[in-house]
Amino acid sequence: MADVEEPVPVFTSLQGVYGKGDTLYEAQSRYQRLKTKFFETYGHIPDLYARAPGRVNLIGEHIDYEGYSVLPMALLHDTIVAIRKQDANNNHQTVRVVNIDNHKFPGFVFPAEPLQEVDRSKHQWANYVLCAYKGVFDHVKAKGLEIKTPYSGYDILVDGIVPMGAGVSSSSAIVCASAIAIMAAEGLNFSKREVAEFTCICERHIGTQSGGMDQAISLMAKKGVAKLIDFNPIRATDVVLPRKGAFVIANSLTVSTKAVSAASEYNYRVVECRLAAMVLAVRLGMALEGVQNVNTLSDIEGLCIAFADARGESSPLLAVETHLHEKPYTAHEIEDVIQRAKHVFSEAQRVYQFREAVLSSEADDVKLRRLGNLMNESHTSCSKLYDCSCPELEELVKVCRANGALGARLTGAGWGGCVVSLVEEGSVSSFLESLKKEFFRSRIDSGRIKEEDLDTYAFASKPSGGAAILNL
Ligand code: NG1
């Protein structure tokens, strides 16, 4: 059975998920604290727990929603959810959601009714739990499984340590952990692929037309390897990264407000790409009935390649350059759309070049340089063609490159958030020291962040494992 068709794994000990040593000790104290707080809040202990990790995308930005493969790895940082199904004799069942940090993230109660809408006018953290709740029941319904009504209520307590607004997918970590917790509390389990699919769809209730990378890697991640994620249908292939390289994640300290400003940023890009795809489809001679079904640039890639092929070339970019410049659109009107399409097609190629470089038999240091160059090219494309960077990300990328990064790029949606750098394994600590001196020091001195929190803003990470249900 392919990995993605396996059910979400169920563990009976923390060791199975967190391994040994400090990571395990930290996990033990977090789960103990969660259990105690759950009892204090609800007067019972939880039935079970679920966890889902955040991720860092190594390459392949803003192309998942265009149907192209991406190459992320999971972080050790995760969201854990403790859950208990409420007693069945209560007629007014509700879903009660509390966060372990209830000062920053106030509690929330919603009726146990999957058809309710997510209120997009109030951007609050618990909306992600509501998305997950709706997603589970929509999926149960779509599978034709029987649902007992009245719906049962749940008591839920959440503890997340995935940095927020940092482009490392704290949102999908909450959605995925909550979804599998509710699923397990109902005595259900679905395949990782099914959960990745329905969590991607249900997270869209928040208002962003996201592409599915984050949920897929959160569910399908495997310790020690990054994953090439393909879409339609979702597949995940191991990518063993060169041993001599390490990835360092550093936060620009500018919050990426992807969900809050979805209409003007993230979703705008989705629409621009769709427009480019439809214009190209028409220009390349697709019949009008076909054009109506064109949604993404990957839908028309075949036409673009055939166009290039007939002219002795191979890149789909030729069609973009030739056709998107033609009348009746003025250059000004169509300029952004051309840029977006160029980014998508070239970034899709870089993902495959990255994977080829990883698989090549070259010496590690040659390989690392190739990977670094691809990451640098990806950043330039995100910044110049896709316009999803910001001054703080640019500054941080510069600092990373000046201090030995073989490659550095914004990761995630952008407009703030983190930079991921590829550095030689042996120079991780000196690299982190330089970032502290050249980027973070002034921010510590001005009181923006505390020195003792620095390792939450800049850290090295190895690929971690995926989402899990825990019966402890
Ligand atoms: P982040 O950066 O985690 O918000 C978002 C999307 C991804 C992908 C990237 C850009 C969500 C949940 N995730 O990730 O699907 O499109 O941006 O590559 O919206």
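1. A search of the whole structure finds zero disulfides, a disulfide being a pair of cysteine sulfur atoms within 2.5 Å. Cys131 is in none, and the nearest cysteine sulfur, that of Cys202, is 5.9 Å away. Cys131 has 0% relative accessibility and counts as buried; buried means under 20% relative accessible area, exposed over 50%, and partly exposed in between, with a 1.4 Å probe and protein chains only. For Cys273, the closest cysteine sulfur belongs to Cys388 and lies 11 Å away, which is too far for a bond. Cys273 is buried as well, at a relative accessible area of 0%.

2. Basis of the note. The model is predicted: local features need pLDDT of at least 70, side-chain atom pairs count only at pLDDT 80 or more, and totals for chains, interfaces and linings use all residues. Residues are numbered from 1 along each chain as its sequence is written, and side-chain values use heavy atoms, with hydrogens and water left out.

3. Annotated spans. Residues 368–439 are 58% helix and 15% strand, with 24 Å between the end C-alpha atoms.

4. An open sheet of seven strands runs in the order 1-13-2-3-6-4-5, with mixed pairing; two strands pair if DSSP finds at least two bridges between them. Strands of a sheet pair through backbone hydrogen bonds, either parallel or antiparallel. The edges are strand 1 (10–11) and strand 5 (108–111), each pairing on one side only. Strand 4 (residues 94–99) pairs with strand 5 in the antiparallel sense over four bridges. Within this pairing, Val97 has Phe108 of strand 5 as its bridge partner. Helix 6 (residues 213–220) packs on the sheet and touches strand 2 (48–59) and strand 3 (71–85), contact meaning heavy atoms within 4.5 Å. The direction of helix 6 makes about 120 degrees with that of strand 2; axes are lines fitted to C-alpha atoms, for helices over the stretch in contact, and angles run from 0 to 180 degrees between N-to-C directions.

5. The whole structure has 27 salt bridges, each a side-chain nitrogen of Lys or Arg within 4 Å of a carboxyl oxygen of Asp or Glu. Side chains of opposite charge can pair when their charged atoms come close. Asp78 and Arg30 form one, with the closest N and O atoms 2.7 Å apart. Asp78 lies in strand 3 and Arg30 in helix 2 (residues 21–42), so the pair ties together parts that are 48 residues apart in sequence. Asp78 is buried at 0% relative accessible area, and Arg30 counts as buried at 12%.

6. Lys227 forms a salt bridge with Asp238, the closest N and O atoms being 2.5 Å apart. Lys227 sits in strand 7 (residues 226–230) and Asp238 in strand 8 (residues 235–239), eleven residues apart. Lys227 is buried, with a relative accessible area of 1%, whereas Asp238 is partly exposed at 31%. Both belong to a network of salt bridges that links Asp3, Lys222, Lys227 and Asp238.

7. A pair within helix 11. Arg350 and Glu347 meet through their side chains in a salt bridge of 2.9 Å, N to O. The two residues are three apart in helix 11 (residues 331–359), and so are separated by about one helical turn. Arg350 and Glu347 are both buried.

8. Ala458. This residue is found in strand 12 (residues 458–461) and counts as buried, at 11% relative accessibility. Not counting residues up to four places away in sequence, Ala458 touches Ile249, Ala250, Leu432 and Phe440. The C-alpha atoms of Ala458 and Ala132 are separated by 30 Å, and the two residues are 326 apart along the chain.
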